[in-house]
Amino acid sequence: MAFSSLDEILAFAIVREEEAAALYAGLAGKARPDPLRILLRELEAEERQHKLLLEKYRAGAPVPPAGAPVPDLGLTDALTEASLGPDDSGQDVLIIAARKEARAADLYGRLASAAPDSEARSLFEFLVRQELRHKFRLENEYEAHVLTED
């Protein structure tokens, strides 16, 4: 992925956030039970906020502080994603969503490395933490509702 300007990087990131919000909207529309649907709607709203953050930064707004590091449970890292289908289980949805968040965090990490200045790098590092926070929430849900003690 090669970009010739920060504006191109921001445009790319904005599209990725739109895609993430659309994915969560689609998953939430099919999700059962209600607590999973609520979580997916919350994540959809947060992805829309990320898009707004990128647009505001593009217009000259400052970058928010990155915040505290987020633990990585790693529960879904080695799991295989199923294809999205009409009969997705809550487990499938959580795996798909958590893996998507891991990829998003990785992408923002690479964009931070390619950022032309420290402020842009801070923006992408903030977004890395946001996406890792989403993954953490999804993996907490996975642990609570999929992994059960014998």
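Buried residues (under 20% relative accessible area, with exposed meaning over 50% and partly exposed in between, using a 1.4 Å probe and protein chains only) make up 37% of the 150 residues in the chain. This is a predicted model, where local features need pLDDT of at least 70, side-chain atom pairs count only at pLDDT 80 or more, and totals for chains, interfaces and linings use all residues. Residues are numbered from 1 along each chain as its sequence is written, and side-chain values use heavy atoms, with hydrogens and water left out.

**Overall layout**

- The chain has four helices and zero strands, where helices are DSSP runs of H or I with at least four residues, strands are E runs of at least two, and numbering starts from the N terminus.
- Reading from the N terminus, the order of elements is α-α-α-α.
- Take the contacts (heavy atoms within 4.5 Å) with a separation of 6 or more: 75% of them join residues 24 or more positions apart.

**α1 against α2**

- The axes of α1 and α2 come within 8 Å and cross at roughly 165°; axes here are lines fitted to C-alpha atoms, for helices over the stretch in contact, and angles run from 0 to 180 degrees between N-to-C directions.
- That angle makes α1 and α2 roughly antiparallel, a label for angles over 145 degrees, while under 35 is roughly parallel, 65 to 115 roughly perpendicular and the rest oblique.
- α1 and α2 cross in a left-handed way, meaning the near helix is turned anticlockwise from the far one by less than a right angle, whereas clockwise would be right-handed.
- Sorted by class, the contact of α1 with α2 has 15 nonpolar, two polar and 11 charged residues; Ala, Val, Leu, Ile, Met, Phe, Trp, Tyr, Cys and Pro count as nonpolar, Asp, Glu, Lys and Arg as charged, and the others, Gly among them, as polar.

**α1 against α3**

- α1 packs on helix α3 (residues 90-114) at an angle of about 170°, with the axes 12 Å apart.
- So α1 is roughly antiparallel to α3.
- On the α1 side, I9, F12, A13, R16, E17, A20, L23, Y24 and L27 make the contact, and they meet V93, A97, K100, E101, L107, Y108, L111 and A114 of α3.
- The residues of this α1 and α3 contact split into 13 nonpolar, no polar and four charged.

**α1 against α4**

- Helix α1 (residues 6-30) and helix α4 (residues 118-145) have axes that come within 12 Å and cross at roughly 15°.
- These two, α1 and α4, are therefore roughly parallel to each other.
- The crossing of α1 past α4 is left-handed.
- α1 brings L6, I9, L10, A13, E17 and Y24 to the contact, and α4 brings A120, L123, F124, E131 and L138.
- By class, the contact of α1 with α4 comes to nine nonpolar, no polar and two charged residues.

**Two buried histidines**

- H50 sits in helix α2 (residues 34-58) and is buried, with a relative accessible area of 3%.
- Setting aside neighbours within four places in sequence, H50 is in contact with E17, L127, Q130, E131 and H134.
- H134 belongs to helix α4 and is buried too, at a relative accessible area of 0%.
- With neighbours within four places again left out, H134 is in contact with L43, E46, E47, H50 and E101.

**Other residues worth a look**

- R58 lies in helix α2 and counts as partly exposed, at 39% relative accessibility.
- Not counting residues up to four places away in sequence, R58 touches D7, L10, A11 and I14.
- R58 and A120 are 62 residues apart in sequence, yet 9.9 Å apart in space, C-alpha to C-alpha.
- D106 is in helix α3 and is partly exposed at 44% relative accessibility.
- From D106 to V128 it is 22 residues in sequence and 7.3 Å in space, C-alpha to C-alpha.
- L111 is part of helix α3 and is buried, with a relative accessible area of 2%.
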